[in-house]
Amino acid sequence: MQKVICKVQYDTEKSELILKKVFGSFGDPSGYEESLYKTENGKFFLYVNGGEKSPYKKEDIKRMSADKANDWIQA
């Protein structure tokens with residue numbers, strides 16, 4: 001997935017996957033996944049996707065600061 005946020009392009013295909021967290025099981029309408037990526041330029045972003053009753057009803061990309069990314073990893 002690709003998304004431009006504040007004139008910066010985030011691309012899951014061209015970035016390094018750091019960690020993926022899965023909540024629920026496949027097919028669970030409340031289940032979702034969050035995947036942390038790091039771009040070649042050192043920017044972090046979260047790729048999210050989930051079922052119709054999850055916090056992420058459609059796939060999206062959300063940018064993150066390095067501090068927030070570290071907190072997310074530790075959570």
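A residue is called buried when its relative accessible area is under 20%, exposed when over 50%, and partly exposed in between, judged with a 1.4 Å probe and protein chains only. With that in hand, let us walk through this predicted model, in which local features need pLDDT of at least 70, side-chain atom pairs count only at pLDDT 80 or more, and totals for chains, interfaces and linings use all residues. Residues are numbered from 1 along each chain as its sequence is written, and side-chain values use heavy atoms, with hydrogens and water left out.

Strands (E, at least two residues) and helices (H or I, at least four) are DSSP runs, numbered from the N terminus. Lys3 itself is partly exposed, at 29% relative accessibility.

Asp60 has another partner: Lys62 meets Asp60 in a salt bridge of 3.8 Å, N to O. Lys62 is partly exposed, with a relative accessible area of 36%. Through these shared partners, salt bridges join Lys3, Asp60 and Lys62 into one network.

The structure holds 3 salt bridges, and Glu33 with Lys20 is one of them, at 3.7 Å, N to O. Here Glu33 sits in strand E4 (residues 32-38) and Lys20 in strand E3, so the pair ties together parts that are 13 residues apart in sequence. Both ends are partly exposed: Glu33 has a relative accessible area of 22% and Lys20 one of 44%.

Now for the inside. A nonpolar core is a set of buried Ala, Val, Leu, Ile, Met, Phe, Trp, Tyr and Cys residues joined through side-chain atoms within 4.5 Å. The largest such core has 8 residues: Leu36, Phe44, Leu46, Val48, Tyr56, Met64, Ala69 and Trp72. Strand E5 (44-50) and helix H1 (66-74) each supply at least two of its residues, and the largest share, 3 residues, comes from E5. A second, separate core of 6 residues includes Tyr37, Phe45, Tyr47 and Ile61.

Aromatic rings come next. A search of the whole structure finds 4 aromatic pairs. Rings of Phe, Tyr and Trp (its six-membered ring) pair if their centres lie within 6.5 Å; planes under 30 degrees apart count as stacked, over 60 as edge-to-face and the rest as tilted. Phe23 and Tyr32 are stacked, 4.6 Å centre to centre with 25 degrees between the planes. Phe23 is partly exposed, at 33% relative accessibility. Tyr32 also pairs with Tyr56, edge-to-face, at 5.4 Å centre to centre and 70 degrees between the planes. Tyr32 lies in strand E4 and Tyr56 in the loop between E5 and E6, so the pair ties together parts that are 24 residues apart in sequence. Tyr56 is buried, with a relative accessible area of 17%. Elsewhere on our tour, Tyr10, Tyr37 and Phe45 form one aromatic cluster.

Methods. A salt bridge is a side-chain nitrogen of Lys or Arg within 4 Å of a carboxyl oxygen of Asp or Glu.
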